[in-house]
Amino acid sequence: EDIVRVWKITSSGAEYIQGFSPPGDKTYYAIPHPRSPTRILIGAYQKMYDWDYYSNKSRSTHCHDGIISCLSYSAKSDLLATTSHDKHVNLWRIPPT
């Protein structure tokens, strides 16, 4: 099963909150959205998904011509870097919410 799961971790254990499986895609990498506590950025094949697990809505952006293998955000520069098996690094500016 290819799914990104969100868990709430407390001192008494873990509680499953919500899951997301990109339609027709395999998930390769996921990070919390830098501007929203209810959103996750997910790297898949050629696309990056922006999933809001609170509303369970998502949108996708075509980013690469291969598997997105890493996502990394810099708070200092407000840039998101995506890397891929297509041997490219793309930089994305994260707009204020």
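Okay, one definition before we start: when I say two residues are in contact, I mean they have heavy atoms within 4.5 Å. And keep in mind that this is a predicted model.

With that, let's go to S58. Leaving out residues up to four places away in sequence, S58 touches F20, D50 and W51. S58 sits in strand β6, residues 57–74, and is partly exposed, at a relative accessible area of 39%.

How is a pair of aromatic rings described? By the distance of the centres and the angle of the planes. The structure holds 4 aromatic pairs. F20 and W51 form one that is stacked, at 5.1 Å centre to centre with 20° between the planes. F20 belongs to strand β2, residues 13–20, and W51 to strand β5, residues 45–52, so this pair ties together parts that are 31 residues apart in sequence.

Buried or exposed, then, for F20? F20 is buried because its relative accessible area is 8%, and buried here means under 20%. W51 is buried too, at 0%. Both rings also belong to one aromatic cluster, made up of F20, Y49, W51 and Y53.

Which way do β4 and β5 pair? Strand β4, residues 39–43, pairs with β5 in the antiparallel sense, over 5 bridges. A hairpin through 1 residue joins the two.

On to β6, then. β5 and β6 also pair in the antiparallel sense, over 7 bridges. In that pairing, M48 stands opposite T61 in β6. The hairpin of β5 and β6 has 4 residues between the strands, and there N56 takes a positive phi near 60°.

Last stop, the surface. Which residues make up the nonpolar patch? W7, I9 and Y16 do, with about 360 Å² of accessible area together. W7 is found in strand β1, residues 4–10. W7 counts as partly exposed, because its relative accessible area is 47%, and exposed would need over 50%. So much for the tour; over to you.

Notes
Residues are numbered from 1 along each chain as its sequence is written. This is a predicted model: local features need pLDDT of at least 70, side-chain atom pairs count only at pLDDT 80 or more; totals for chains, interfaces and linings use all residues. Side-chain values use heavy atoms; hydrogens and water are left out. Patches are made of residues with over 30% relative accessible area and no salt bridge: like charges are joined within 9 Å, nonpolar side chains (Val, Leu, Ile, Met, Phe, Trp, Tyr) within 5 Å. Accessible areas come from the Shrake-Rupley method with a 1.4 Å probe; for residues, only the protein chains shown count as cover. A salt bridge is a side-chain nitrogen of Lys or Arg within 4 Å of a carboxyl oxygen of Asp or Glu. Buried means under 20% relative accessible area, exposed over 50%, partly exposed in between (1.4 Å probe, protein chains only). Rings of Phe, Tyr and Trp (its six-membered ring) pair if their centres lie within 6.5 Å; planes under 30 degrees apart count as stacked, over 60 as edge-to-face and the rest as tilted. Two strands pair if DSSP finds at least two bridges between them.
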